[in-house]
Amino acid sequence: MTLMRVLVTGSSGYVGRVVSAELRAAGHEPLPFAGDVRTGSAGGVDAVVHLAGPARVRESFDDPVRYYDVIVGGTVNLLRSVAPGTRFVLASTAGVYGGGGGVLAEDSPRAPSNPYAASKAAAEDAVAWAARTGRLSAVVLRLFNVAGGGDRDDTRVVTRACGAASGRLAPMEVFGDGSAVRDFVHVRDVARAFAAVLGPRAVEHAGDGCAVLNVGATPASVSDVLAAAGRVAGRPVPVVRRPANPGEVRELRADTTRLRALGWRPAHSDLDDLVRDQWAAEAGRT
């Protein structure tokens, strides 16, 4: 692998810190982006890993213009400022698939159902069109449910379950019977995916110079997560049962065939290991 100077936006965030550490371990030189992604420059580097931006679904309904401004505007600005030949890696979300259920491959239809996912889909389009010009090569990583590694976002399932088990948070609300399945992946495995796509194989078979890859690892239901948290904590997770959300998708799983073709395999995303890792961080918060 050619070693690169990699500009990392959002390098101080939950995913960004781990990605930067993984890039450094792989021999790359991660450079934190300073300033506003809507106005700063991404020139003078070999690659850009673009992680910065707001990422809360409910919040995006309250302020959709801000989400488009930062996510789409920031991506366009970075694309405008990169030097020819730069590798551009965009962190996107499985939310772009919307309500499509089952096992989702990268060519599954996009149907984002909230402003956050819609703005990510627009950013994906900007990256793909820029890559078609031949000026840069690009990779879009669609992240499923990232967890572990000391996540501090209490809106996410694993973090919420651990917080409820410790007593730091109120009992966890469970809508329906808890059998809906989602795909979880440890933040360290996500970081390994970002390192993997800096190699030449990531785009050698990509149509028009932009590869799209899913990043997921472990399908599990809410009930599975609660059971794992209970095992790790040594006590049941307190829950409050609510009626099921109408139209909830029963299963959302990632087809990771494309990413695995690059040699990537999840190493930290076994459900109990993932929850145990988050529980260790939870102990430091209580």
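Reader: How many aromatic pairs does the count come to?
Author: This is a predicted model. Rings pair if their centres lie within 6.5 Å. By this rule, the count of aromatic pairs comes to two.

Reader: Is the pair of Tyr 67 and Tyr 116 stacked or edge-to-face?
Author: The two ring centres are 6.2 Å apart. Their planes stand at 80°. Planes over 60 degrees apart count as edge-to-face, so the pair of Tyr 67 and Tyr 116 is edge-to-face.

Reader: Which helices hold Tyr 67 and Tyr 116?
Author: Both tyrosines are buried. They sit 49 residues apart, and their pair links distant parts of the chain. Tyr 67 is in helix H3 and Tyr 116 in helix H4.

Reader: Are H3 and H4 roughly parallel or roughly antiparallel?
Author: Their axes come within 9 Å and cross at roughly 15°. Angles under 35 degrees count as roughly parallel. H3 and H4 are therefore roughly parallel.

Reader: How many nonpolar residues does the contact of H3 with H4 have?
Author: Residues of H3, including Ile 71 and Leu 79, meet residues of H4, among them Ala 122 and Val 127. By class, two residues in this contact are polar and one is charged, while the nonpolar ones number 15.

How values were computed
Residues numbered from 1 in each chain as written. Predicted model: local features only at pLDDT ≥ 70, side-chain atom pairs only at ≥ 80, totals over all residues. Heavy atoms only, no water. Axes fitted to C-alpha atoms, helices over the stretch in contact; angles between N-to-C directions. Helix = DSSP H or I, 4+ residues; strand = E, 2+ residues; numbered from the N terminus. Parallel < 35°, antiparallel > 145°, perpendicular 65-115°, else oblique. Contact = heavy atoms within 4.5 Å. Nonpolar A, V, L, I, M, F, W, Y, C, P; charged D, E, K, R; others polar. Phe/Tyr/Trp six-rings, centres within 6.5 Å; stacked < 30°, edge-to-face > 60°. Buried < 20%, exposed > 50% of the residue type's maximum accessible area, 1.4 Å probe, protein only.
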